[in-house]
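Work through the exercises below with the structure in view. Try each task before you read its solution.

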Amino acid sequence: MNRNASLIEIARASGEPDVTPPLDLGARVRDLRKARGWTLEQAAKQAGLARSTLSKIENGQMSPTYEALKKLATGLEISVPQLFTPPAAEKINGRMAVTRTGEGTAKATATYEHDLLAETLRKKHMLPYRARIRARSMSEFEGWVRHDGEEFLYVLTGVIKLYTEFYEPVEMRRGDSAYYDATMGHNVISTSAEDATILWVTSLS
């Protein structure tokens, strides 16, 4: 395993794993009905079901047939699979992390010197980090760096050359950026006299 991939894996592993609870179909139907502001009578009429049938479904007192499920979905103006798709978990609003210059968590390798950003936020969907590019030649890498997800690269200072598995090398300067599939092999070297610095953002989901 290359060192950069392990950095990504460590970030993905941070925080507790999400566990999806089993779906309560009755509660799901009731929530969908209430979200539309419908009474039992209104929803039953919309779906072409008896009020008592809908009440029993919502209270878990009967398992609906597939025909009843189709009527429910049609009445609620959704697809049958959406009946079994739990609503998205309540989102955390107002999350923010400020990382001052020099406060990033340093992770150095032979080719890159990383500063992990926004370290205080758990369960991130993106891993942002600033990197100083020490490498000057592809021979300094132990093969391609590749990992799951997508990646965004933005040149902050200096000049780099971005090598990828399926494209010709690209020289990039301050202000240039690239977005690519991170499962494709990729390496970066500095071509300027000083070590170039870049901002990397890697998806974690």
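**Exercise 1. In which strand is Thr-164 found, and is Thr-164 buried or exposed?**

Step 1. Thr-164 is found in strand β5. Strands (E, at least two residues) and helices (H or I, at least four) are DSSP runs, numbered from the N terminus.

Step 2. Note the source. This is a predicted model: local features need pLDDT of at least 70, side-chain atom pairs count only at pLDDT 80 or more, and totals for chains, interfaces and linings use all residues. Residues are numbered from 1 along each chain as its sequence is written, and side-chain values use heavy atoms, with hydrogens and water left out.

Step 3. Thr-164 has a relative accessible area of 10%, so Thr-164 is buried. Buried means under 20% relative accessible area, exposed over 50%, partly exposed in between (1.4 Å probe, protein chains only).

Step 4. Look for contacts (heavy atoms within 4.5 Å). Leaving aside neighbours within four places in sequence, Thr-164 touches Trp-144, Met-184, Gly-185 and His-186.

**Exercise 2. What is the strand order of the open sheet of 3 strands?**

Step 1. The order is β6-β5-β8, and the pairing is antiparallel. Two strands pair if DSSP finds at least two bridges between them.

Step 2. Find the edges. They are β6 (170–173) and β8, each pairing on one side only.

Step 3. Count the bridges between β5 and β6: there are 4. In one of them, Val-159 has Arg-173 in β6 as its partner.

**Exercise 3. Which residues have the most contacts inside the largest nonpolar core?**

Step 1. Know the term. A nonpolar core is a set of buried Ala, Val, Leu, Ile, Met, Phe, Trp, Tyr and Cys residues joined through side-chain atoms within 4.5 Å.

Step 2. The largest core has 23 residues; Ile-133, Leu-153, Ile-160, Val-188, Ile-198 and Trp-200 have the most contacts inside it.

**Exercise 4. Which parts does the salt bridge of Arg-51 and Glu-41 tie together?**

Step 1. A salt bridge is a side-chain nitrogen of Lys or Arg within 4 Å of a carboxyl oxygen of Asp or Glu. Arg-51 and Glu-41 meet at 2.8 Å, N to O.

Step 2. Arg-51 lies in helix α4 (residues 51–58) and Glu-41 in helix α3 (residues 40–47), so the pair ties together parts 10 residues apart in sequence.

Step 3. Arg-51 is partly exposed at 42% relative accessibility, and Glu-41 is partly exposed at 45%.
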